[in-house]
Amino acid sequence: MRIYRLTPFALLSLLLILMAAAFVRFSYPGTVEFKHDEATLSLLALDWLHGGAFPVTGMPSSVGIPNAPASVYVIALPFGLGLDALGATLFIAALNVAGVGLLWWLAYRYIGFAPALIAGLIYALNPWAILYSRKIWAQDFHTPLLLLALMLGLLGFWERKRWAQVLCLPVFLFALQIHFAGWVLLPLYGWLLLTSGRRISPLALMVSALLGIGVLIPFGLGIQQTMESEPERITNVLNRSGSDDGLSLSPDALVYTLALSTGTGIENEVAAPQFEPSLPRLTEIWITLIGGAAIIGLIAVWWRDWRLAGLVWLWAALPLLAFTPQWTAIYPHYFIASIPAYALLVGIGVGVPFAQIKSLRFIRGAVIALFCLLPLSQGLYWYELIAYLDTTYTPGGFGPPLADLLAARDALTGEDDVVILSDGFERLYDQEPVIWSVLLDSRADCVRTLDGNDSKALFPAGAFAVLTAPNAPENPVGGLYGAGQPEIYQLRPGEGDYTLHRFAAAPAWDGPVLAQIAPLRFDNGAQLTGYYLSGNQVYLDWKLSGPVDADYQFFVHLLDASGERIAQQDSRFWPGRFWCAGDRLITWTAMEIPAGTETLRVGLYRLVNGGFVNSNLLDSAGNVLNPWADIPLN
């Protein structure tokens with residue numbers, strides 16, 4: 001195989017390609033999504049950096065199996081350097097700009113200048129590649145590391161560099177762990193081994209295997225812990241993926257492959273089909289020329305080198321082959337890692353055949369120029385699309401730009417105590433609690449989310465601010481936090497806005513007068529300090545300690561004179577991570593009060609492996625009394 005050495009002219013072309021890649025990825029830096037997935041991944045990294053347990057799993061995947069923790073380790077780098085969410089986003093963009101350079105290097109070193117120029121520009125300016133390289137999403141940063149692994153594999157197994165043989169497998173396995181869809185590309189490593197001839201060093205391969213095992217150990221531990229705590233998880237996934245008729249074939253994988261390889265249809269992903277660029281839509285031209293060149297590249301790459309052909313064919317085809325059988329729902333981001341392979345095929349399809357025709361130098365130059373202009377038109381299309389998304393709300397599509405969220409965050413500078421009002425407070429399912437836990441990390445001492453629809457009211461011990469999200473119900477918590485003139489932080493027109501109220505002290509409770517009792521202290525730090533029973537409601541008055549790692553339920557039992565339970569109700573308590581020292585929390589739950597009720601019994605418990613564990617009531621000396629508190633009703 002011929003190896004092309006770097007020249008000043010080649011380096012100049014690389015610089016221009018990197019500048020193009022950087023321009024589209026760094027333009028409109030705040031016009032990126034920061035929704036539940038981005039915030040959850042960020043929070044996993046921040047929890048670890050703040051002294052939490054070493055991550056052994058990442059976020060749950062779309063198929064139900066937890067992802068490996070590799071994505072957490074990567075995103076912890078910018079946060080560990082003190083960057084905020086915007087800085088971490090730019091870090092991801094920079095990684096992907098480096099990925100464009102790695103693809104150019106691969107194409108130039110093993111194929112030549114023209115294929116590298118075209119492949120580099122196609123990858124740098126493919127709208128799908130740009131979209132999936134600009135936010136804190138695991139899918140957005142596994143491709144640069146995969147390209148690095150392939151570079152190491154080519155240097156190690158085709159050029160016999162032993163250090164690269166050692167590093168290839170651990171880097172490859174680390175990259176594939178970032179998102180579960182990457183595992184379908186594992187045969188690429190097998191192909192590199194198979195085509196290495198006698199260039200393998202047994203010692204290097206042994207060391208590489210040991211490092212590879214080390215890279216997999218955290219995820220292995222995570223799977224073991226998941227199986228122990230949720231033994232039905234894998235079974236449920238298998239049952240959901242199968243059917244009585246066996247696997248069916250889906251055209252979705254082919255549709256996404258065609259779209260991502262030609263850079264078309266991205267407006268449907270961001271739900272902006274009404275967007276009209278300044279240039280006419282070139283969809284048919286992109287599909288015809290870019291798709292046609294890629295098909296020619298499938299043949300021309302074999303003409304160039306059979307080993308390289310096998311590598312690129314597998315790279316491009318494996319996701320398509322793996323996800324055509326309908327064993328799980330299919331999404332465009334499953335095919336991100338193969339976009340560089342499609343770009344490489346286009347570069348080969350244009351550059352290799354014409355390199356053999358010396359007498360048609362003018363035509364060759366014109367064709368290469370055409371295929372340099374095509375990605376430039378795609379880059380212009382993207383630039384106008386992102387400018388459109390910056391100011392236009394697309395329901396069900398592109399989420400609120402991070403810059404708009406940061407405007408509300410910056411307004412909270414100096415507020416140590418913040419309450420977010422939204423439509424839910426569960427981090428696993430609700431967006432606002434996890435978003436603001438990240439955006440206000442290291443900025444406020446206490447950040448918690450209150451469900452405006454839920455039967456809870458919060459009264460912080462000192463001054464605090466209340467930020468009401470656009471998805472909060474109208475008049476949340478009965479308007480308890482609506483006094484005064486709010487500060488308004490608008491999102492895109494039609495998307496709603498955040499409203500900010502500031503309080504020097506907690507507002508007065510406007511509900512029924514609660515009977516106060518001597519505090520009843522539970523071993524989780526919560527204290528029951530009062531109650532009120534009406535004909536169909538039970539109110540409880542609590543005082544909270546600092547944050548705890550568990551989430552609790554609470555129960556209310558009503559007993560008659562003989563101690564028999566005559567009514568009961570269980571409800572979820574407030575998540576332990578949101579408890580702040582000195583907070584007063586009032587909860588109320590619908591419950592009929594039977595005649596003859598003599599005793600109110602209240603307890604807290606948490607769910608553990610399908611069972612429950614009570615929080616015990618303590619006496620003044622800290623000794624356990626009972627797993628509940630009994631309050632006589634006089």
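## An aromatic cluster around Tyr256

Phe180, Tyr256, Phe323, Tyr331, Tyr334 and Phe335 are linked into a cluster by ring pairs, where rings of Phe, Tyr and Trp (its six-membered ring) pair if their centres lie within 6.5 Å. The model is a predicted one, in which local features need pLDDT of at least 70 and side-chain atom pairs count only at pLDDT 80 or more, while totals for chains, interfaces and linings use all residues. Residues are numbered from 1 along each chain as its sequence is written, and side-chain values use heavy atoms, with hydrogens and water left out.

Tyr256 belongs to helix α12, residues 252–262 (helices are DSSP runs of H or I with at least four residues, strands are runs of E with at least two, and both are numbered from the N terminus). Leaving aside residues up to four places away in sequence, Tyr256 touches Ile330, Tyr331, Pro332 and Phe335, a contact being heavy atoms within 4.5 Å. Is Tyr256 buried or partly exposed? Tyr256 is partly exposed, because its relative accessible area is 23% and buried means under 20%, exposed over 50% and partly exposed in between, with a 1.4 Å probe and protein chains only.

## Other aromatic pairs

The structure holds 42 aromatic pairs. Phe54 and Tyr73 form one that is stacked, with 5.3 Å centre to centre and 25° between the planes; planes under 30 degrees apart count as stacked, over 60 as edge-to-face and the rest as tilted. Phe54 sits in the loop between α2 (36–49) and α3 (70–80), whereas Tyr73 is in helix α3, 19 residues apart. Phe54 counts as partly exposed at 46% relative accessibility, while Tyr73, at 17%, counts as buried.

The pair of Trp574 and Phe578 is tilted, at 5.9 Å centre to centre and 50° between the planes. Trp574 is buried at 0% relative accessibility, and Phe578 is buried as well, with a relative accessible area of 1%.

## Two nonpolar cores

A nonpolar core is a set of buried Ala, Val, Leu, Ile, Met, Phe, Trp, Tyr and Cys residues joined through side-chain atoms within 4.5 Å. The largest has 152 residues, and those touching the most other members are Phe34, Leu185, Trp315, Leu344, Leu385, Trp436 and Leu439. Helix α4 (residues 85–110) gives the most to this core, with 13 residues. Among the residues that Leu344 touches, not counting those up to four places away in sequence, are Leu103, Leu106 and Trp315.

A second, separate core of 44 residues includes Leu528, Tyr552, Ala567 and Val602.

## The whole chain

The protein chain has 19 helices and 17 strands, and buried residues make up 54% of its 634 residues.
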